[in-house]
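Please keep the sequence and the structure in view while reading it.

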Amino acid sequence: PTSSPRRDAMINLYYFRHLPAERESPKMKKLLDRYGMAGYGFYWLLCEELYFTPPHQFQLTDLRLRHLAKCAGIRAFKAKRMLIYMISSGLFTMRGAMLCSLRVDEEVREVATALDRKKDSARRAGLASAAKRKAGGAA
C-alpha cells in the first residue's frame, strides 16, 4: 500500500491544538460577544469533530447537528443558529453540502509536514548509522 502525508496525518492526529491567541481574533471576539463561552465551546467541538473525521469535512445532517448539540449541552435550535452564524462570519465554510474549516485544514497540513520532517530525519539518521557500521566493518 502507498503512503501519503495526508493519509499518515489522518492516522497520527492525536490531538487538536487550541491556541490561546485565537481567542483574540476579530471573528472569535464577535462569536464570544454574541454567544459567550457556549459559542466558543461549540466552535471548538466542531473543529475537533472535523479534525478527527477524515477527510476533515462532513455532511451536516439534522441527526449530526442534534448529536453535536447534545455533546455541547445545548439545544439543537441554538446549535443551528450558532452554526449559521459561524458559517456567515467565515469561521466555517461549506463545500457543497459538506461542512469544512480552513483552520482545521491548516492544522492537518502542519501535522502532515511535521510528520514528513520527522520521517525524513529518522531516515537520514538510519542511513548515517548504516554508513558508520559499513565503514567500521570494512576497517
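1. The model under discussion is a predicted one. The remarks that follow should be read with that in mind.

2. Helix 2, residues 26-51, packs against helix 3, residues 62-72, with the two axes 10 Å apart and an angle of about 125° between them. Angles from 65 to 115 degrees count as roughly perpendicular and those over 145 as roughly antiparallel; helix 2 and helix 3 are therefore oblique to each other. The crossing of helix 2 past helix 3 is right-handed. On the helix 2 side, the contact is formed by Phe42, Leu45, Leu46 and Glu49, while helix 3 supplies Arg64, Leu65, Leu68, Ala69, Cys71 and Ala72. Sorted by class, the contact of helix 2 with helix 3 holds eight nonpolar and two charged residues, and no polar ones.

3. Helix 3 also packs against helix 4, residues 76-88, at an angle of about 100° and with the axes 9 Å apart. This angle makes helix 3 roughly perpendicular to helix 4. Five nonpolar and two charged residues make up the contact of helix 3 with helix 4, with no polar residue.

4. How do helix 2 and helix 4 lie, and at roughly what angle do they cross? Their axes come within 10 Å and cross at roughly 100°, which makes helix 2 roughly perpendicular to helix 4. From helix 2, the residues in contact are Lys30, Leu31, Arg34, Tyr35, Ala38, Gly39, Phe42, Tyr43 and Leu46; from helix 4, they are Lys78, Ala79, Arg81, Met82, Leu83, Tyr85 and Met86. The contact of helix 2 with helix 4 divides into 11 nonpolar, one polar and four charged residues. The student may note that Phe42 and Leu46 of helix 2 take part in the contact with helix 4 and also in the contact with helix 3.

5. Attention may now turn to the second largest pocket, whose volume is about 170 Å³. Its lining consists of Glu22, Ser25, Lys27, Met28, Tyr43, Gly90, Leu91, Leu102 and Arg103. Helix 2 and helix 5 (102-138) are the elements that give two or more residues to this lining. The largest share, three residues, comes from helix 2. By class, the lining of the second largest pocket has four nonpolar, two polar and three charged residues.

Technical notes
Residues are numbered from 1 along each chain as its sequence is written. This is a predicted model: local features need pLDDT of at least 70, side-chain atom pairs count only at pLDDT 80 or more; totals for chains, interfaces and linings use all residues. Side-chain values use heavy atoms; hydrogens and water are left out. Axes are lines fitted to C-alpha atoms, for helices over the stretch in contact, and angles run from 0 to 180 degrees between N-to-C directions. Helices (H or I, at least four residues) and strands (E, at least two) are DSSP runs, numbered from the N terminus. Angles under 35 degrees count as roughly parallel, over 145 as roughly antiparallel, 65 to 115 as roughly perpendicular and the rest as oblique. A crossing is left-handed if the near helix is turned anticlockwise from the far one by less than a right angle, and right-handed if clockwise. Contact means heavy atoms within 4.5 Å. Ala, Val, Leu, Ile, Met, Phe, Trp, Tyr, Cys and Pro count as nonpolar, Asp, Glu, Lys and Arg as charged, and the others, Gly among them, as polar. On a 1 Å grid over the protein atoms alone, a cavity is a set of points where a 1.4 Å probe fits but cannot get out, and a pocket is an open set with protein on both sides within 12 Å along at least five of seven lines; lining residues have an atom within 4 Å of a point. Grid points are joined across faces, edges and corners, and a volume is the space filled by probe spheres set on the points.
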